[in-house]
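Here is a short briefing for a first look. Keep the sequence and the model side by side as you read.

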Amino acid sequence: MRWTRTFTVVGCHAEGEVGNVITGGVMDVPGSTMFEKKEYLERHMDDIRGLVLFEPRGAPYVNANIILPPCDPTADLGYVILESTEYPPMSGSNTICVATVALETGMLPMREPETRLRMEAPAGMIEVRCACENGKVRQVEFTNVPAFALHLDVPVEVEGLGTVGVDTSYGGMTFAHVNARALGFAVTPDEAHQMSLVGQRIKKAVNEQLEVVHPENPKIRDVSNVIFEGPLERIDGRVESINGTVCLHGRLDRSPTGTGTTGRLAVMSAKKQISKGELFRNKSIIGTHFDSRVIANTRVEGLDAVVVTIAGQAWITSVGQYGLDPTDPYPRGHRLSDVWF
């Protein structure tokens, strides 16, 4: 065997969403902030993303994370998130995977019953609390970056659908929110393919008709994902709902989506549908859930914003190495439109 590149990869998923963690093979990259490191990877080292996410090593539902030295000396680690079409500033399911892998593999010391971490994402510093027992991370709860609604109940003209009411938000990534029932969806697994097709049309229309830009960082712009939201219900003293999030190139997030749950809480708070401190249990299309709360109100460049905690669990599935043979015709992987649409 004569590999020219080798990466150690820990397989992991958070509530069903794959978030593999690259723990070896990338020492560091230039940048004075984690956002700058993300940009460097995007511009100069994007072959890594292709190698680990695209076929024949990856699949449409695979995400990955590169652990890097933090820029902030108070942080325990830095990480950059790799997804199929972009490097998002933040991802909740991936954050849960990174924290779990860092502790369960011994990269960082685990303290029972609770380990606290400061994890530097491109979006900013993420405070993390890990409930630990017998060497296992039983739950990861993180405090996300401030989230806010940008548009509320705005009509958007969507090809083949007509006028669709849309909210937009930032919760670490940018989202369009639509009413699943109004579009004929109950958010069940058998609807995933059709939801993906419709979600792509909605995303295209929103990005053509609305301006979605982070007020503090104009490089964070345009809607990445579309959330099909089920109705809100009050059950056993908590608010509960289901959603299906159409991601990036057009597939459903298997988890409830951590940044999406954050965005939902920003919209719900703006619409007075939930109170600070009230538990929101957001369920995924496969039945897993994140528990979340608004813990504080704040402002971001004149916009009302909320600070949110998200809690879920991750499981390590494998430990292995990805390699590149110098004669491999697909050093950056490949994609076909039968599944990569």
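The points below cover the model, the fold, the surface and the cysteines.

This is a predicted model: local features need pLDDT of at least 70, side-chain atom pairs count only at pLDDT 80 or more, and totals for chains, interfaces and linings use all residues. Residues are numbered from 1 along each chain as its sequence is written, and side-chain values use heavy atoms, without hydrogens and water.

**Fold**
- The chain has 5 helices and 18 strands (DSSP runs: H or I of at least four residues for helices, E of at least two for strands).
- Its C-alpha trace spans about 55 × 45 × 35 Å along the principal axes.
- Of the contacts with a separation of 6 or more, 64% join residues 24 or more positions apart (contact: heavy atoms within 4.5 Å).

**Surface and charge**
- Buried residues make up 56% of the 341 (buried: under 20% relative accessible area, 1.4 Å probe, protein chains only).
- The chain exposes about 14100 Å², with 48% from carbon and sulfur atoms (Shrake-Rupley method, 1.4 Å probe).
- There are 33 positive and 42 negative side chains (Lys and Arg against Asp and Glu; His and chain ends not counted).

**Cysteines**
- The structure holds 0 disulfides (cysteine sulfur pairs within 2.5 Å).
- Cys97 has its closest cysteine sulfur in Cys12, at 3.6 Å, too far for a bond.
- Cys97 is buried, at 0% relative accessibility.
- For Cys247, the closest cysteine sulfur is in Cys97, 13 Å away, again too far for a bond.
- Cys247 is buried at 5%.

Technical notes
Buried < 20%, exposed > 50% of the residue type's maximum accessible area, 1.4 Å probe, protein only. Charge placed at Lys NZ, Arg CZ, Asp CG, Glu CD.
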